[in-house]
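This report describes two parts of one structure. The sequence and the model come first.

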Amino acid sequence: MKPVIIRSLSELRKLTAQWVRRDESIGLVPTMGALHAGHLSLAKAARDACDRVIVTIFVNPKQFNNPEDLENYPRTEHDDAEKLAPLEVDAIYVPDGEQMYPKEFATNVSVAGLTDVLCGAHRPGHFDGVATIVAKLFLQSGANQAFFGEKDFQQLQVVRRMARDLDIPISVVGCPTIREDDGLAMSSRNLNLSDDARKTAATLQQVMQDVAAGLRTGKAMGKLRPTALARLKEAGFGDIDYLDLRAMDDLGELDTPERPARLFAAAYLDDVRLIDNIAI
Ligand code: AMP
């Protein structure tokens with residue numbers, strides 16, 4: 001059955017009220033659209049875990065710190081609906097800007113600490129935008145579980161913290177990163193890469209795997225970083241925002257993986273900002 005497309009909060013609440021009356025559990029998959037296999041894996045995880053599934057599509061202006069990035073962000077609503085149709089998603093919620101940020105909207109949800117580092121340090125206001133919109137989607141949908149990709153690991157931790165701190169009764173589930181055959185993490189932004197840059201993009205994951213292998217043999221991040229950065233530059237990457245080893249729970253910086261850790265990277269290629277992370 002084709003998922004119903006919902007554009008207003010009142011319609012969404014009407015639908016979810018029926019489900020709640022029948023004691024059906026609700027899974028939520030927040031996205032910004034331009035759906036790929038990574039997003040679809042979240043919808044499948046929701047389908048497996050919950051009675052009802054809502055996928056949301058909203059290109060959230062509040063989380064873009066660069067107006068050009070917002071303008072260039074791919075928008076493919078028709079194709080997105082087609083991709084979700086075979087997955088037995090119940091509803092696609094596509095609110096407009098006015099629905100999410102009505103005139104005089106004045107509230108900001110800000111998670112301290114976790115957002116000081118990595119993308120938080122390089123994209124001012126980004127995680128406030130994420131935390132604010134996700135808090136709204138959690139409260140609007142009344143979902144029991146929400147599904148997020150580990151591809152955006154810092155975002156996953158920020159959203160978990162926000163839901164806990166605000167006592168929103170939802171469990172936040174992290175799902176593995178889905179990759180292209182050459183290892184590149186799937187991302188809607190990959191659509192903005194030229195053919196040449198698309199080929200180069202996989203180098204990011206190769207370099208990260210090599211750093212991970214070095215860390216596993218006991219080498220320190222401080223020793224491995226310079227070679228890794230040089231390889232990325234040589235491959236054609238522009239600014240590299242970070243290549244860091246960080247603790248999984250509080251994202252504190254590490255030189256060796258003495259506690260559960262992940263390797264995080266963000267780098268520009270063709271003016272497209274690519275991010276990735278892997279468990280060590
Ligand atoms: P976005 O539309 O990019 O805001 O992403 C929506 C959700 O999909 C977020 O929870 C992302 O972490 C997740 N996601 C994006 N890319 C991938 C991927 N390659 N694998 C798994 N999840 C992903």
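Ring pairs join F58, Y101 and F105 into a cluster. Rings of Phe, Tyr and Trp (its six-membered ring) pair if their centres lie within 6.5 Å; planes under 30 degrees apart are stacked, those over 60 edge-to-face, and the rest tilted. By this rule there are five aromatic pairs. One of them, F58 with Y101, is tilted, with 6.2 Å centre to centre and 50° between the planes. The two residues are 43 residues apart and link distant parts of the chain. Both F58 and Y101 are buried (under 20% relative accessible area, 1.4 Å probe, protein chains only).

| Residue | Loop that holds the residue |
|---|---|
| F58 | between strand 3 (52-57) and helix 3 (67-72) |
| Y101 | between helix 5 (97-100) and helix 6 (118-122) |

The model is predicted: local features need pLDDT of at least 70, side-chain atom pairs count only at pLDDT 80 or more, and totals for chains, interfaces and linings use all residues. Residues are numbered from 1 along each chain as its sequence is written, and side-chain values use heavy atoms, without hydrogens and water.

Helices (H or I, at least four residues) and strands (E, at least two) are DSSP runs, numbered from the N terminus. Three strands form an open sheet in the order 7-8-9, with antiparallel pairing. Strand 7 (240-247) and strand 9 (272-279) are the edge strands. Two strands pair if DSSP finds at least two bridges between them; strand 7 and strand 8 (residues 261-269) have seven. I240 has A267 in strand 8 as its bridge partner.

Methods. Buried means under 20% relative accessible area, exposed over 50%, partly exposed in between (1.4 Å probe, protein chains only).
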